[in-house]
Amino acid sequence: MSLHPTTPQFKDNAHRALGDAQLQKALVNVRAGFMDKRAAAAARLPEFEALRDSARDIKNHTLAHLDLYLEAYAAKVEASGGHVHFCRDAAEANKAVIDICKSLGAKTATKGKSMISEEMGLNDALDAAGVKPIETDLGEYIIQLRGETPSHIIAPACHLTKDQVEGDFRRVHTHLDAARDISQPPQLLAEARAVLREKFLAADVGITGANFLIAETGTSIIVTNEGNGDLTQTLPKAHIVIASIEKIVPTLEDASQLLRVLARSATGQDMSVYTTFSTGPRRPGDVDGPEHYHVILLDNGRSSMLGSEFEDMLRCIRCGACMNHCPVYHAVGGHAYGWVYPGPMGSVLTPTLIGVDKGGHLPNASTFCGRCESVCPVRIPLPKLMRHWREREFERHLSPATQRKGLGLWAFFAKRPGLYRFATNLGMKAMALAARGKGKFSRMPLASGWTDYRDLPAPQGGTFQQQWKQKRG
Amino acid sequence: MSETSMTSARDDILSTIRRSLGVTGREAPRRGVVEGRLSGHPRGLVPQRGQLDGADRVALFKAQALGALATVAEVASPAEAPAEIARYLREANLPATIRMGADPRLAAMPWASTALDVSRGASQGRDLNGVSHAFAGVAETGTLVLTASADNPTTLNFLPDNHIIVVDAQDIDRDYESVWDAVRVKFGAGAMPRVVNMVTGPSRSGDIEQQMQLGAHGPRNLHIVIVGTA
């Protein structure tokens, strides 16, 4: 993995993000944009909740038979004239892509949006091999100009404002009239379209990701709104698909059901603009399309997640709904997470892929509010999976000493219910007494993390257990 | 990558999967389940929305396509399509030039009765207006389904600024599943055209400040001409 994770510094990252005025301005758009649209799209389709069940079941069925579906898929790709490259890790996958580029004498590669490419660190590998990668998704193009990574899995530049994009275009597109007006999004889009059109037509190789791979037919699917993925894969002489092994689904019917929840969960569209099913290279009689079709199938630790407590995560279809609804993501944005995948899905996946010693902060950065699970189109129990990571971190003695001591103290009381009730009752009364007249604390020993930013309400009435007993009475 | 290391990566990955799942890959019942699903391709849950017939189905297709920001016209017969396309270009203040593939349904239309300048073949990126004939439509979401060949080259779907797609009303299906049935009839079970493009409205992007703008990298406008009645 060439992208160096800053995940171990999550707390510093988050602190910086909270104080970054530009970022906070951009994050307002994320909060405003996605949630209402998804809710409206879900409400328009009476079967939406049932389709989520169905999507979950399709993915579970596929994962339980993944070896066989992968074999069927690979056979179909080869039969249609394409090639499949199984790759154990990012280094093998990068090498496979570069070998194909070299065999074709490629100098430039256009790219559709792919998170697997980010996971592989493919752009750096291509650059080092003398192949110039050109990101073509508008958001990806913008962040490539800035030397940044995506801050969101479907809206990679959502951490930026239009003024920042204007600045980048003026800095890079120096061949254009300096007096032009590109202050608004439509003008920025038009400029990117014109600049990238030349790159599409000149590229030697086109690299895309895949939303799904279909075992029945050996087909790869990309879903875009811009059409950049299609120009990427149609115009050059080779199309390279990069995908991880869990992208397989059995049939066209299964893919259709998953498509019904994907766009609705992601952008709140009933259907994305372009859903493209590709099977093999150009055929006799075709007048366009790539002459070579390769699929890079990346494992990178996923085969070991099967059968583990994290297997549910392999159902993920990368819609982004979990981060769109996450209060932590809303507060700090995607870069604070420090590696490829942000938000709740990243908090589960990152420790799997880079290790819990490096990624352990992420599953702790959650209030377990449960919104992510409530919107996940394949019903991944994200809070439960984050809790599994916390348990592993604790078992491996990776959590801080004070936290471990605190938990130990709590456990001592929790195992002795009589003592627990006595202590909480005493503590509550002491706190109520101490806060007499004010009803709140502006300072509290050991709780400055809370009281530095807001008052701590003083307890009133009985303990939780006493109230529970009364109300159930 | 050499053949040997490729083979072993494949073997490694498959054997790790099998170890994780606690299987050998040779279990007959398991193989039977997979083979059955691939050959039987059962339909899952199909929404009621598209389950309409005749004029109602076409009306839903039209409403959904308009909702996806396409424009839609209906003509009674294939012979009327060229005049409608000429009208669309004229009223949109666009040049009267079109490029199209070798689709026999398009070829049979009376283009000479219009002032349209027609060229044929794939697009190299210099065509303002492309015309394609759809394989099918999907009422559920107002989606057009195009299959790649010399008849309807894929480049015409993405390079021109304005894309005009002709679809027979009788080819407008209820749902995606019905389209796959039709694909299997035409191309054979388990086979696919090189590319199937599902198109729902014109190209767009929301990547700058999450504000949707039309005309990203694909066509800025999508005009649909529905021919005949269902």
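**Reading a core and a helix in a predicted model**

Modeller: Of the 186 residues in the largest nonpolar core, those touching the most other members are V97(A), L258(A), I296(A) and V145(B). This is a predicted model, in which local features need pLDDT of at least 70 and side-chain atom pairs count only at pLDDT 80 or more, while totals for chains, interfaces and linings use all residues. Residues are numbered from 1 along each chain as its sequence is written, and chains are lettered from A and ligands numbered from 1 in the order in which they are written.

Colleague: What is a nonpolar core?

Modeller: A nonpolar core is a set of buried Ala, Val, Leu, Ile, Met, Phe, Trp, Tyr and Cys residues joined through C-beta atoms within 7 Å. Buried means 20 or more other C-beta atoms within 10 Å of a residue's own, exposed means 12 or fewer, with C-beta atoms placed from the backbone.

Colleague: Which residues does V145(B) touch, not counting residues up to four places away in sequence?

Modeller: They are A134(B), F135(B), A136(B), G137(B), V138(B), V179(B), V196(B) and M198(B); contact requires C-beta atoms, placed from the backbone, within 7 Å.

Colleague: Which residues of α7(B) are buried?

Modeller: Helices are DSSP runs (H or I, at least four residues), and strands are E runs of at least two, numbered from the N terminus. In α7(B), the buried residues are Y176(B), E177(B), V179(B), W180(B) and V183(B). They lie on the same side of α7(B) because they cover an arc of only 150° around the axis, taken from the directions from the helix axis to the C-beta atoms. The face turned away from that buried side carries exposed V185(B) and K186(B).

Colleague: What covers the buried residues of α7(B)?

Modeller: The cover includes α12 (252-266) of chain A, along with β5 (136-138), β6 (143-147) and β8 (172-173) of chain B.

How values were computed:
Contact = placed C-beta atoms within 7 Å.
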